[in-house]
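The sequence and the model are shown first, and the description follows.

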Amino acid sequence: MKFGILILEGPYQHQAADSAYNFIQAAIKKGHEIVGVFLYDDGVNNATNLMDPPQDDRHISKMWSELGEKQGVDIVVCIAAAKRRGITDSNLIKGTRISGLGQLNEIALNSDRLVTFKD
């Protein structure tokens, strides 16, 4: 099955980003395809390289970066939502890219299911 993922919540204050990440890992392990991940609204905060969590805490942006870089998952950050939150190409994590809502449409059209994560 082909899954598209939409994440609408930021890291740490909600469970949505962690749940989405775990869902993606489980889906890949079961042989499913992740067509793309679209970060929208506060979800764009998952893609900033300005995070510096304590050593004993999970590093969510690093997890997303590795998912994009090492596992080849297309992670798209909504440009309008990113600009509103001060996220630009200069502070974007590796393995992600900035684009518009048209990319969400493409992900949805090319997926069997679009799964949304929001608290």
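Which residues are buried in α2? The model is predicted, and in it the buried residues of α2 are I60, S61, M63, W64, S65, L67 and G68. Because 7 of its 10 residues are buried, α2 is largely enclosed by the rest of the structure. The elements against which these buried residues pack are β1, α1, β2 and β3.

## Helix α1 and its partner

Helix α1 covers residues 16-29, which gives it 14 residues. From its first C-alpha to its last, α1 reaches 20 Å, close to the 20 Å expected at 1.5 Å a residue. Its buried residues are A16, A17, D18, A20, Y21, I24 and A27. In general, an α-helix has 3.6 residues a turn, so residues three or four places apart point the same way. The buried residues of α1 pack against β1 (2-7), β2 (33-39), α2 (60-69) and β5 (113-117). Just after α1, G31 takes a positive phi of about 95°.

Two packed helices are described by the angle between their axes and the distance between the axes. For α1 and α2, the angle is about 30° and the axes are 11 Å apart. Since angles under 35 degrees count as roughly parallel, α1 is roughly parallel to α2. The crossing in which α1 passes α2 is left-handed. On the α1 side, the contact is made by A17, D18, A20, Y21, I24, Q25 and I28. On the α2 side, the contributing residues are I60, M63, W64 and L67. Of these α2 residues, I60, M63, W64 and L67 are each buried.

In soluble globular proteins, nonpolar side chains tend to be buried together. The largest nonpolar core of this model has 35 residues, of which I5, I34, V37, L39 and W64 touch the most other members. Two or more residues are given to this core by each of β1, α1, β2, α2, β3 (75-78), α3 (79-84) and α4 (101-109). The largest share, 6 residues, comes from α1.

What does I5 touch, apart from residues up to four places away in sequence? The residues in contact with I5 are A20, F23, I24, I34, G36, V37, F38, I107, L114, V115 and F117. Among them, A20 and I24 are buried residues of α1.

L104 is found in helix α4. With a relative accessible area of 16%, below the 20% cut-off, L104 is buried. Leaving aside neighbours within four places in sequence, L104 is in contact with L6, F38 and L114. K83 lies 21 residues from L104 along the chain, and the C-alpha atoms of the two are separated by 17 Å.

Two residues other than glycine have a positive phi: Y12, near 75°, and D41, near 50°. Y12 has its place in the loop between β1 and α1, and D41 is found in the loop between β2 and α2. Y12 is partly exposed, and D41 also counts as partly exposed.

Is N91 buried or exposed? At 11% relative accessibility, N91 counts as buried, although this residue lies in the loop between α3 and β4 (96-99). Leaving aside neighbours within four places in sequence, N91 is in contact with A47, T48, N49, L50 and G86.

M1 is found in the segment before β1 and is partly exposed. Not counting residues up to four places away in sequence, M1 touches H32, E33, D112 and R113. The C-alpha atoms of M1 and A27 are separated by 8.9 Å, with the two residues 26 apart along the chain.

The table sets out the accessibility of residues discussed above.

| Residue | Relative accessible area | Class |
|---|---|---|
| L104 | L104: 16% | L104: buried |
| Y12 | Y12: 31% | Y12: partly exposed |
| D41 | D41: 32% | D41: partly exposed |
| N91 | N91: 11% | N91: buried |
| M1 | M1: 45% | M1: partly exposed |

Notes: Residues are numbered from 1 along each chain as its sequence is written. This is a predicted model: local features need pLDDT of at least 70, side-chain atom pairs count only at pLDDT 80 or more; totals for chains, interfaces and linings use all residues. Side-chain values use heavy atoms; hydrogens and water are left out. Helices (H or I, at least four residues) and strands (E, at least two) are DSSP runs, numbered from the N terminus. The expected span of a helix is 1.5 Å times one less than its number of residues. Buried means under 20% relative accessible area, exposed over 50%, partly exposed in between (1.4 Å probe, protein chains only). Contact means heavy atoms within 4.5 Å. A nonpolar core is a set of buried Ala, Val, Leu, Ile, Met, Phe, Trp, Tyr and Cys residues joined through side-chain atoms within 4.5 Å. Axes are lines fitted to C-alpha atoms, for helices over the stretch in contact, and angles run from 0 to 180 degrees between N-to-C directions. Angles under 35 degrees count as roughly parallel, over 145 as roughly antiparallel, 65 to 115 as roughly perpendicular and the rest as oblique. A crossing is left-handed if the near helix is turned anticlockwise from the far one by less than a right angle, and right-handed if clockwise.
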